[in-house]
Structures are given as structure tokens and as C-alpha cells.
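Colleague: I would like to learn how to read the helices and strands of a protein model. Could you take me through one?

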Amino acid sequence: MRAETRDSLKSLLDAAGPSGYETAAATVWRQTVGGFADRIWGDVQGNSFAEIGAEGNPTVMLAGHVDEIGLMVHHVDDEGFIWVQGIGGWDPQVLIGQRVELLTDEGQVTGVVGRRAIHLIRREDGEKAVKLKELWIDIGALSGDEAREKVGIGDVAVIRSETLDLANDRLAARSIDNRVGAAVVAEALRLAREAGCSAHVIAVATVQEEIGYVAGGGARTGAYGLDPQVGIAVDVTHATDHPTLDRKEHGDIRIGGGPVLARGPAINPVVYRRLHDAAKREGIEVQVQALPAMTGTDADAVRMSRAGVATGLVSIPNRYMHTPNQIVSLEDVEQSARIIAGFLAQLEADADFLPL
Ligand SMILES: [Zn+2]
């Protein structure tokens, strides 16, 4: 991976951006695409768009969601402790012992997640999984009034952390889901421009995927506005190459094993085949994942837009999703961008995506 791409990926990973509060991350993304897109714009949802080949055909939307899971302040008590709800799917166990950054109108406020000391936990309680409502944020305030001055209802928080380099070009970060996808769609756009492509391509850093579920967050309105013929969503998927997972149940997906191409009823078979062919041409090994229903990603929102969009899904294997230390291989990230750029380079103006 180019040093420049790696650096901008790291800045993207370290920017805070829970669903609905993505502006810091979206700003980094727009700076990244600023170097090679013809035009960059945003919409009222917070989506960011970067375009090349406006006169070309067909129109292709590349969607990588830029939001991450976060915490939202919903109560500050009279002792100055802050109570939160989850934005997106949290395992509350991973919050124990963490430091957090609260994003307020006045800037960042730091805090820690409070939890009873082991000596003060009853034995029977110690065996139970902790619930989010049993954890609080302590910012060091002496009173409710002081805490309320610093932090407001509706402010959000993320785990305070920095991207960590691991062996074998692996990275650990809080926001791997799905900043790596947002980075891949940007990099695919850059590579497509470099290689030359006759399609009209818009890379989109979509918002609010983590709360969008089936309806789709920003991808839904983004796709409606762009009206593409083809969509490719890029997200993370669970790597199953760590202890305690049964591959008979969860499939066999490995970090460093290459990008993952999804197959299933929600995936356009022609897009799938063309992505597969592009990987072969590039000499990139892929992993195939069976998704027998909806994909649970932006691909669903793009596919269901208007009268339907031929949509594929490229996923990056990710260990420990929705924990503060998610791990991906940089090689998988880079290869994902190369496959998509290869797909775009071969796309004819009249390419047919009808299944029969
Ligand atoms: Zn997620």
C-alpha cells in the first residue's frame, strides 16, 4: 500500500464519527478524495460523494460507510455521572475499563467507563454479563451541575484509542468497521482514474449504516439521488480464524486470505462474476462468502433503490468486530480496492446485468 494511502487510512481510522455525527471522519475522507476526484459534494444526510467520468456510462455507486458505533449521553445524574445508550450494536463487556472521548459543542471531553471494583462485586453478580445500563462515564466532575456544563444530552462518545500496527501488516483500530470500506471506495476511485475507465463512478462515504439495518442509512438516499445502474458496497465481514468459532457454523474466512466476495439472493450474479473475473485478472485470491438472505450492509439499501440496482458486495475480513480493537490485514484492504478498480476498468457502457 502506498504510504499516502496508508497515512490517510490511519487518519480516517482515528477520527471520531458515530452514526449521525460523522463530520470529523467525513472531512478526512473528503480530503483524501480531493487529490483525484473531479467533483466532491455532500447531501443533507451527511453522505460524501466523489465523482469521476460524469459523462461516462454506466453510473456506478461505490458505497463504504464512514460511521462507527458509539455511545450517546441520555442522562447526567446529580453526582455528575454520565449515563449512555448505544448507537449501534455494543457488547457492553468490551466497554469495561475503557477511556472515552465525548464529542461536545465545546470540543472533546475525556472520561472513563466506571465499574465496581472486583472486591465489591458479589460473587453471583461477577458471573453475569454486564449490561450497558450498569456502566457509566466518569469525567471527574464534582457535581451534576459541573458535568452538565461540560456535557449535554445527545452528545456522543467513542472509545479513546489510536490505530495500532501489528505484525504482518495488520492494523488494530476501534473504527475498522467500516472506515476500511470507506477508504477502499476512495482508493478504488483513485486507481480507476489512474487506469482509465469509461464509466461514471461515484465513491460515497455513506452515513448511518450502523443504525440503518434493513432500511439502509445514507446509502438509501444516496443511491436514490445518484440513480446508478450498478452498486458495489464495501464493508467488513467476520473473520472466523480465531479461537472459539466453529467454521461449520460460521464459514471459513481468514484475515490475509484476500477480499471476500459475497454470493446470495441479494447479490446480482453478473456483478459477482465480473468482480471474480477482475480478481483473477489482477492475480488476487478471493474468499467467497454465502449470504442466504439480506447482506446486512449498504448493499441491501443500494440494491432496493428505485426499480433496483445491480449490486455486489466486497468485504474485508475483520476480527473482533464492534470491539475497541478490530483487526484487518492491509493487504486485504489494498486488494479490495484493486479488484473494484479492475471491475470498473472492464465495464462497457452497455454492460448487461440482467440475470437472464
Ligand atoms: Zn458494524
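Modeller: We will go from the overall build to the strands and then to the helix contacts. This is a predicted model, in which local features need pLDDT of at least 70, side-chain atom pairs count only at pLDDT 80 or more, and totals for chains, interfaces and linings use all residues. Residues are numbered from 1 along each chain as its sequence is written, and side-chain values use heavy atoms, with hydrogens and water left out.

Colleague: How many helices and strands does the protein have?

Modeller: There are 11 helices and 17 strands. Both are DSSP runs numbered from the N terminus: helices are H or I with at least four residues, strands are E with at least two.

Colleague: What radius of gyration would a compact globule with 356 residues have?

Modeller: The rule is 2.2 Å times the number of residues to the power 0.38, and the radius is taken over C-alpha atoms. For 356 residues that gives a value near 21 Å, and the protein agrees because its own radius of gyration is 21 Å. Along the principal axes, the C-alpha atoms fill a box of roughly 65 × 45 × 40 Å.

Colleague: Now the strands. In what order do the 3 strands of the open sheet lie?

Modeller: Two strands pair if DSSP finds at least two bridges between them. Here the order is β10-β11-β17, with antiparallel pairing. β10 (164-166) and β17 (326-329) are the edges; each has a single partner strand, so one side of each lacks a neighbour in the sheet. From one strand to the next the twist averages 30°.

Colleague: Over how many bridges do β11 and β17 pair?

Modeller: Strand β11, residues 170-173, pairs with β17 over 4 bridges. Helix α1 (residues 3-14) lies across β10 and β11, at about 20° to β11.

Colleague: What joins β6 to β7?

Modeller: A hairpin does, through 2 residues. β6 (residues 99-104) and β7 (residues 107-114) are antiparallel, with 6 bridges, and Glu 101 has Thr 110 of β7 as its bridge partner. β7 also runs antiparallel to β8 (residues 136-138), with 3 bridges; there, Val 113 is partnered by Ile 137 of β8.

Colleague: And how are two packed helices described?

Modeller: By the angle between their axes and the distance between the axes. Axes are lines fitted to C-alpha atoms, for helices over the stretch in contact, and angles run from 0 to 180 degrees between N-to-C directions. Helix α9 (residues 269-282) packs on α11 at about 110°, with the axes 8 Å apart. The two are therefore roughly perpendicular, a term for angles of 65 to 115 degrees.

Colleague: Which residues of α9 and α11 meet?

Modeller: Contact means heavy atoms within 4.5 Å. Among those in α9 are Val 271, Leu 275 and Ala 278, and the α11 side includes Ile 339, Gly 342 and Phe 343. The residues of this contact divide into 6 nonpolar, 1 polar and 4 charged. Ala, Val, Leu, Ile, Met, Phe, Trp, Tyr, Cys and Pro count as nonpolar, Asp, Glu, Lys and Arg as charged, and the others, Gly among them, as polar.

Colleague: At what angle do α1 and α5 pack?

Modeller: The angle between α1 and α5 (residues 176-195) is about 145°, and their axes are 9 Å apart. Leu 9 and Leu 12 of α1 are among the contact residues, as are Val 180 and Ala 183 of α5.

How values were computed: Angles under 35 degrees count as roughly parallel, over 145 as roughly antiparallel, 65 to 115 as roughly perpendicular and the rest as oblique.
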